[in-house]
Amino acid sequence: MIHDQNSTVAGVPATPLLEVVRGNEQGRIVRLKLRTRIGRERDNELVLTDPRVSRYHAVIELDNTRWVIRDQNSANGTFVNGRRISAGKVLHPDDRIQIGDTEIVFHPSRVGADGQVEMVTVLRPPEAIPTRAQPSTRVPAWNWALIALGGVLSVAMLLLVILIVTRGRGEIWLVSGSTPAAVELASSDFVLAYQDDFSDHDSGWDDAFDRYTVKQYGNNKYYIEVMTSNLVAWGLANRDVANFRLEVEATQESGPNNNGYGILFRFQDRENYYRFDVSGEGYFLLSKLYRGEWTTLIPWTPSPVLNVGQATNRLMVEALGTRIRVFANGAELGQVTDDSLSHGNFGVFANTFSEPNLVVSFDNLRLWIPRGESIAMVPTPTPTSTPAPATPTNTVSVPATLSPTSDTPTLEAATPGVTIAPSAMESPTPPPLPEYVSRNMPQARNPSPLQGHLFFPVFDAEMQTYHIYAADPADHQRERIAEYASQPDVNFDGQRIVFRSWKHDNRGLIERAISGGPEWRFNVHFEAARPTFAPDGQMFLFHSREAGEPAAIYRTVGDRYEVLRREGAPIQGQSPAWVDGKRFVYQGCVGNACGLIVSNLDGSSPQQITQDPGDTNPDVSPDGQQVVFMSRHKGNWDIYRVGIDGTNLMQLTTDEADDGLPVWSPDGKMVAFVSNRDGVWELWVMDADGDDQRPLFALGGSIDGVVAIDVRNSRGWLEERIAWGP
């Protein structure tokens with residue numbers, strides 16, 4: 001046999017294929033490895049979700065020169081062409097394998113008719129970026145001058161366009177057509193320095209399992225699964241490289257198309273790396289995280305060369321010095337110059353945005369480096385286990401008595417048959433996110449716009465008191481606007497604020513301009529809490545224990561205040577919120593029926609809209625039709641929504657951590673809340689139906705604390721409030 005100098009002879013065959021023609025995985029095609037396991041467990045090379053398939057059902061392996069299938073003591077047996085096998089069975093072209101209710105066809109590749117492996121010619125590794133074939137027609141000599149002149153003019157025009165487009169930007173990006181651009185360094189100047197087809201489970205990529213993500217080998221691939229929204233998880237090769245070409249086959253196996261998945265490179269730590277995304281919607285993005293701040297190098301851009309949905313895209317990054325080029329399926333998508341990061345680790349990632357449950361697999365990863373350069377092992381590999389739980393938040397002490405029918409502490413009401421749920425219960429703080437998981441990510445392609453300003457308290461652990469901050473939800477810039485204060489609310493135009501003051505010489509409920517200035521202290525009692533503006537800004541509701549337990553609902557009338565009454569008796573309850581200028585909703589009871597109650601200001605027409613006594617901290621939508629609130633009747637604090645008439649109850653958050661203090665956006669389209677689901681207290685936001693839950697920023701401290709100046713009347717985060725003003 002004669003071979004040219006650009007090929008080598010090898011005895012390893014181009015391996016056969018398995019095609020699933022019936023069953024849950026119908027249409028899947030898998031290339032055999034030297035040993036391919038088949039079963040339900042995720043660490044099999046071919047994973048079948050058929051319930052009649054055993055965990056480790058069968059194995060196909062190369063035995064000398066033949067491919068042989070063997071049953072692995074499965075419960076339902078393995079069949080080839082309708083016959084059950086009891087020992088190893090040599091496979092032949094187009095044999096049909098039945099495992100459970102799944103049928104698989106064996107397709108040979110360069111194998112003789114008798115199953116013998118033929119000697120084959122294997123070409124050297126293909127060019128990472130193919131070059132165009134040279135035309136065979138000779139150019140007449142007299143045309144060379146015209147060609148040279150045309151080339152000079154073309155280059156001049158191109159330089160002029162680039163100068164105009166990029167003037168003042170400091171970087172260049174462009175999107176090409178479907179034909180790859182030429183590479184300055186010839187392929188012979190590169191050597192293959194690293195490759196992984198993920199058939200070896202000990203090749204160095206970490207298996208990891210945590211509350212939100214799974215990373216593991218299986219089916220001759222490396223899988224990353226993200227089970228919650230707005231989260232990114234990655235796996236790293238733990239090699240350091242400067243200049244390279246990196247290629248990988250990335251497949252969206254399942255999940256929403258509004259996602260991001262692809263390649264991380266020059267990864268130095270969680271705060272410094274480049275990221276090349278593609279999405280199931282056919283868009284790509286190039287960005288960098290440098291010193292904790294995101295910069296978009298190429299914005300989300302559609303490309304016809306990208307395969308959409310549950311499909312495979314062959315992705316490649318070329319990083320040579322300061323120039324970065326990105327490719328998909330053999331076509332250049334764009335390039336930039338950036339000198340922030342010159343070397344680092346590389347890996348793959350999967351990122352959800354507004355929708356959860358994304359599964360992406362990666363296969364056939366290869367990395368070339370310029371001849372004469374090197375690649376180094378990274379000393380510290382990516383952690384493979386979830387960190388230990390963080391220290392619990394401050395314990396909140398609340399006077400309570402035990403109800404005879406429950407193990408849960410409840411505060412006994414003065415009126416028989418009326419109980420008010422406790423103001424504070426402690427839940428353990430969840431562990432922080434693992435090192436390979438983050439919520440710090442580029443912006444989604446079509447993010448929901450956030451407007452207005454958020455107002456929130458943060459507990460100062462050193463001073464043992466609260467301070468109030470204001471922040472723009474879009475850019476997260478914040479400022480402290482009130483010291484020794486908490487439980488803020490703002491009026492309809494966002495110009496004035498009301499809050500609870502913890503100053504030792506100025507205790508009580510205070511109203512003033514957000515910018516500062518004269519203050520109106522309309523209640524001086526230490527027990528008064530959670531004031532809220534009326535829709536027209538001319539009145540306040542609040543609750544107070546100044547007359548003893550349980551708390552009662554009060555309102556201001558001119559420059560004084562009074563308790564609200566129903567049939568002559570004070571309305572007992574807490575956490576009032578306005579429905580409109582005449583009605584309010586609060587946590588309380590009517591007779592023995594406890595939950596959230598809607599009532600007129602004069603106490604008439606009370607209506608119970610939820611059934612759990614622990615439902616608390618309601619907030620009413622701007623149109624007065626929906627109520628969001630927090631409840632822990634399923635064990636931890638979650639956020640719910642219900643119609644103002646008590647219909648259409650919906651649970652909006654389901655995380656195992658604590659979510660609470662919900663508040664509507666001024667336009668009624670979104671809900672903000674606090675959560676400790678990532679091990680620290682953060683401000684989160686979600687759509688009104690609970691979709692697209694995402695963190696805005698960490699509070700910079702806890703929202704849960706006991707104010708040292710008044711331990712008796714300080715009841716922790718469950719009596720706090722956040723506000724969202726225009």
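The lining of the second largest pocket divides into 20 nonpolar, 17 polar and 12 charged residues. Keep in mind that this is a predicted model. The pocket itself has a volume of about 1500 Å³, and 49 residues line it. To find the middle, select Arg439, Asn440, Met441, His476 and Pro695, the lining residues that lie nearest its centre.

Next, colour β23 (283-290), β24 (293-302) and β59 (694-698): these are the elements that give two or more residues to the lining of this second largest pocket. Which element gives the largest share? That's β24, with six residues. Now colour by domain, and you'll see that domain 2 (190-377) and domain 3 (453-725) each supply at least three residues to the lining of the second largest pocket.

Jump to Phe198, in the loop between β14 (190-196) and β15 (208-209). Phe198 isn't a glycine, yet its phi is positive, near 60°. Is Phe198 buried or exposed? It counts as buried, because its relative accessibility is 0%.

Then select Asn238, in the loop between β18 (231-236) and β19 (239-240). Asn238 is another non-glycine with a positive phi, about 60°. With 8% relative accessibility, Asn238 counts as buried too, since the cut-off for buried is under 20%.

Last stop: zoom in on Pro550, in the loop between β43 (540-544) and β44 (552-557).

Technical notes. Residues numbered from 1 in each chain as written. Predicted model: local features only at pLDDT ≥ 70, side-chain atom pairs only at ≥ 80, totals over all residues. Heavy atoms only, no water. Helix = DSSP H or I, 4+ residues; strand = E, 2+ residues; numbered from the N terminus. Buried < 20%, exposed > 50% of the residue type's maximum accessible area, 1.4 Å probe, protein only. 1 Å grid on protein atoms, 1.4 Å probe; cavity = no way out; pocket = protein on both sides within 12 Å on 5 of 7 lines; lining within 4 Å. Points joined across faces, edges and corners; volume = space filled by probe spheres on them. Nonpolar A, V, L, I, M, F, W, Y, C, P; charged D, E, K, R; others polar. Domains from an automatic or database assignment.
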